[in-house]
Amino acid sequence: MGLRARPARGPGRVAGGGGASGGGCVGAARGGGGAGPRGAGVSASPFARVPPRRHGEVALIADGRAWTFGELDARMGGFVAALLAAGVRRGDRVALRGSNRAETVVALLGMAIAGVTAVLVHPRLTTGEAQALIDDAEVALSLDDAGVDALLLDGVTRRWPATPRCALSAPLAMIYTSGTSGRPKGAVLTHGAFAASAAASERNLGWEHPDRWVAALPIAHVGGLSVLTRCLRAGRPVVLLPRFDAGAVIDAVRSGGTLVSVVPTMLRALLEADRDNVLARARALLVGGAACPPELLAESAARGVRALATYGMTEMCSQVATQAPTREPVAQRGVGKALPGVELRLVDDEGALVATGAVGRITVRGPMRMRGYWGHPPLAEQEWFDTGDLGALDEVGVLSIHARRTDLIVTGGENVYPVEVEQCLESHPSVAAALVFGVPDPVWGQRVAAAVVARAEVADEAAWREALWRHVTSRLAGFKRPRLLARVDAIAALPSGKPDRAGAPARYGASVGPWGDGVSSRA
């Protein structure tokens with residue numbers, strides 16, 4: 001049914017870990033409604049079964065057809081029965097390497113109802129990368145698209161099994177996000193966390209009668225999954241696209257889509273392709289995943305497109321702060337205020353709150369925060385999560401982002417940690433050392449660049465580059481591969497002995513040249 005699965009080991013390690021306290025004062029902000037206890041103000045999972053009276057309403061538009069809640073419910077019952085017949089039990093983890101299609105939505109719904117944690121594996125990962133996550137999660141079963149289809153077929157003749165209601169504290173999904181060590185960590189996100197995140201988004205954006213949310217981000221990404229949870233909770237249709245395609249998104253808006261979630265690279269492509277200014281019909285385009293250039297927001301506003309910058313992360317079930325919608329399109333500053341239920345504060349290296357307008361490390365907490373990382377001690381109830389990002393709050397609580405996480409490269413909305421790429425390069429027998437860094441790019445935000453030291457004299461530069469490129473493409477997803485490369489004599493180091501990554505763009509930026517398939521492919 002997919003990649004290898006190993007026997008599940010049960011719930012993730014749970015231990016203590018005291019949290020910091022603090023509140024709204026200088027260098028701190030709280031979204032309306034306060035953080036409160038876990039899942040405050042939320043009574044049901046966004047993936048709870050809908051009542052029969054709503055079965056005739058449209059829930060999903062995908063694969064060229066509309067699916068009602070009743071149709072999804074019927075297919076979901078068979079899937080749950082087949083999943084349990086396959087030996088999966090409540091509390092297990094199941095890897096789902098699914099593409100953006102209706103069957104993946106049914107699988108997610110079924111897992112949630114069955115009390116199974118969906119370990120989301122990005123379909124763009126290589127087989128080796130995906131298997132590493134599956135092994136780490138110790139799943140009971142691993143499903144790709146073909147595996148999901150097999151269970152759905154098996155479930156055609158099966159009836160809805162008895163499924164107790166899931167507690168809001170139960171894990172809904174586990175989504176891997178890379179750490180500075182280069183080793184991905186699984187953020188454990190509960191039903192209550194996703195419900196609280198959806199409620200916070202609703203209090204900022206609201207809902208209007210004709211709303212349909214266009215989803216072009218991968219469901220395996222927290223940004224894509226959150227579109228589903230928001231719409232399911234509110235009973236609004238999702239227009240699910242198999243992948244991002246500017247023309248398809250514009251057509252979806254032309255056909256009635258009112259809300260769209262994109263990353264800055266996608267917004268730029270949409271503006272370039274939108275010759276008839278169709279995007280101005282949308283109620284809002286939420287732009288996250290990477291810092292959105294102010295000039296891009298200004299261009300959107302000038303064309304009547306309501307683009308709203310957001311700031312969020314996997315560990316908080318997506319959005320933390322988002323610009324508020326306005327009657328007329330306008331380019332707003334920063335990324336908006338903390339959403340309702342989110343507590344946000346900025347601290348210095350000693351943990352003290354910084355002054356208004358001063359730059360500090362962004363720390364957050366609230367009912368949408370993750371339980372913790374898989375295999376690590378959980379966060380305490382009121383513990384602050386240190387994002388590692390740098391930002392500032394103005395006098396009215398608007399957040400501005402000054403830098404993303406240490407060493408992080410954000411390219412086309414995808415996160416790339418240099419250490420992981422360096423480890424891949426250095427695993428090739430011809431490479432002695434490598435330093436990976438980001439180079440600013442007007443289209444992708446940043447491009448991944450690498451300075452590489454060869455182990456021996458290179459007789460044929462072209463052949464060496466080709467061999468190294470084949471090595472990288474077999475091990476790294478397309479968005480992680482360096483598109484710029486320079487062969488250097490040595491990697492500059494700081495007095496501490498660590499590579500001078502911060503100085504790399506200035507030192508090597510003029511030396512790196514296009515490598516592999518350049519910026520033409522993001523596969």
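Two strands count as paired if DSSP finds at least two bridges between them. Helices (H or I, at least four residues) and strands (E, at least two) are DSSP runs, numbered from the N terminus. The model is predicted: local features need pLDDT of at least 70, side-chain atom pairs count only at pLDDT 80 or more, and totals for chains, interfaces and linings use all residues. Residues are numbered from 1 along each chain as its sequence is written, and side-chain values use heavy atoms, with hydrogens and water left out.

**View 1. An open sheet of nine strands with mixed pairing.** The strand order is S3-S2-S10-S9-S11-S12-S13-S14-S15. S3 (65-68) and S15 (337-338) are the edge strands. Each has a single partner strand, so one side of each lacks a neighbour in the sheet.

**View 2. Strand S12 (residues 284-287), covered on both faces.** Ala284 and Leu286 lie on one side, Leu285 and Val287 on the other. All four are buried (under 20% relative accessible area, with a 1.4 Å probe and protein chains only). In a regular strand, side chains alternate between the two faces of the sheet.

**View 3. S12 and its parallel partners S11 and S13.** Four bridges link S11 to S12; Ser261 has Leu286 as its bridge partner. From S11, the chain crosses through helix H8 (residues 264-273) to S12, a right-handed β-α-β crossover. Right-handed means that, with the strands pointing away from the viewer, the path from the first strand over the helix to the second runs clockwise. Three bridges link S12 to S13, where Leu285 stands opposite Ala307. S12, helix H9 (residues 294-302) and S13 also form a right-handed β-α-β unit.

**View 4. Strand S9 (residues 213-215) beside S11 (residues 259-262), with helix H6 across the sheet strands.** S9 and S11 run parallel, joined by three bridges. Val214 faces Val260 in S11. Helix H6 (residues 222-234) lies across S9, S10 (238-240), S11, S13 (307-313) and S14 (318-322). H6 runs at about 85° to S14. Axes are lines fitted to C-alpha atoms, for helices over the stretch in contact (heavy atoms within 4.5 Å). Angles run from 0 to 180 degrees between N-to-C directions.

**View 5. Packing of helix H1 (residues 69-85) and helix H4 (residues 145-154).** Their axes are 7 Å apart, at an angle of about 100°. H1 and H4 are therefore roughly perpendicular (65 to 115 degrees). Arg75, Gly78, Phe79, Ala82 and Leu83 in H1 meet Val148, Leu151, Leu152 and Asp154 in H4.

Conventions
Angles under 35 degrees count as roughly parallel, over 145 as roughly antiparallel, 65 to 115 as roughly perpendicular and the rest as oblique. Buried means under 20% relative accessible area, exposed over 50%, partly exposed in between (1.4 Å probe, protein chains only).
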